[in-house]
Amino acid sequence: MKRKSVQIRKFMLIDSAYKSRILRGDKVTTIRYGDYEARPGSEIYLVITPSDTAIAKVRITRVEKKKVRELTNEDARLDGFSDVKELLRELSKIYGELYGDDEVTIIGFEVIKRFEDGIPLKWLKGLNYREPVEIARLYLENWEKLNLNRETDFILRRIYNEGLGRAVRTFGPKRVQGALLKAYHALYGAGII
């Protein structure tokens, strides 16, 4: 029986061990056991585990299916490893023993935006995958129509001017998340998003 393919639409989970390699540009693919589907040209968030924090927005550059025995040193290098033996050792740690006929999917990507402070995945989901800075910008462009309280206004201005991390350090995560959700719902209710 053939396994169903995994659809990659909004985000892709990556182990936090690979974060620095990705942000440096040393890892520009991820190799997944099984059948994965992603649309080249689509933009998704890379989310590190176990913290479930988006570290970057990436554009999918390619999706290629291969048998394990067909993997090359070049595949390994693009995935951030020195050679195919090192790659296979790592894949076996993640997926268990792999055989030559097992199918893997190579997903290529390019980082188009880094999130220095990271964005919690649950916040992105709550904002319908809109970035906090975008919500803050839209709020500032339309604040007169939205009638939000002073604290929410102040937090959104801080996000826009100084970044999400600074706002969280100043006001705490719950207040920042609350302000973002209020702004999102107000923008949605006004037909702006």
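**Entry 1: salt bridges**

The model I am working on is a predicted one. As a reminder to myself, side chains of opposite charge can pair when their charged atoms come close.

I then looked up single pairs. Asp 75 and Lys 66 form a salt bridge, with 2.7 Å between the closest N and O atoms. Are these two residues buried or exposed? I found both Asp 75 and Lys 66 to be buried.

Next I took Arg 69 and Asp 101, whose side chains meet in a salt bridge at 2.0 Å, N to O. This pair links distant parts of the chain, 32 residues apart. Arg 69 sits in the loop between β6 (53-67) and α2 (73-78), and Asp 101 sits in the loop between α3 (84-95) and β7 (103-120). I noted a relative accessible area of 54% for Arg 69, which is exposed. Asp 101 also counts as exposed, at 51%.

**Entry 2: a pair between two helices**

Glu 151 and Arg 175 were next, and their side chains form a salt bridge at 2.4 Å, N to O. Which helices hold the two residues? Glu 151 lies in α6 (residues 150-162) and Arg 175 in α8 (residues 173-189), so the pair ties together parts that are 24 residues apart in sequence. Glu 151 has a relative accessible area of 38% and is partly exposed. Arg 175, at 41%, is partly exposed.

I also wrote down one network, in which salt bridges with shared partners join Glu 43, Lys 57, Arg 59, Glu 110, Lys 113 and Glu 131.

**Entry 3: the largest pocket**

β2 (11-15), β3 (29-33) and α3 each supply at least two. By class I listed nine nonpolar, two polar and five charged residues in the lining of the largest pocket.

**Entry 4: the second largest pocket**

The second largest pocket holds about 180 Å³ of space. Of its 13 lining residues, Phe 115, Glu 116, Ile 119, Val 133 and Leu 164 are the closest to its centre. β7 gives the most to this lining, seven residues. At least two residues each come from β7, α5 (132-146) and α7 (164-171). I sorted the lining of the second largest pocket into five nonpolar, three polar and five charged residues.

Note on methods
Residues numbered from 1 in each chain as written. Predicted model: local features only at pLDDT ≥ 70, side-chain atom pairs only at ≥ 80, totals over all residues. Heavy atoms only, no water. Salt bridge = Lys/Arg side-chain N within 4 Å of Asp/Glu carboxyl O. Buried < 20%, exposed > 50% of the residue type's maximum accessible area, 1.4 Å probe, protein only. Helix = DSSP H or I, 4+ residues; strand = E, 2+ residues; numbered from the N terminus. Nonpolar A, V, L, I, M, F, W, Y, C, P; charged D, E, K, R; others polar. 1 Å grid on protein atoms, 1.4 Å probe; cavity = no way out; pocket = protein on both sides within 12 Å on 5 of 7 lines; lining within 4 Å. Points joined across faces, edges and corners; volume = space filled by probe spheres on them.
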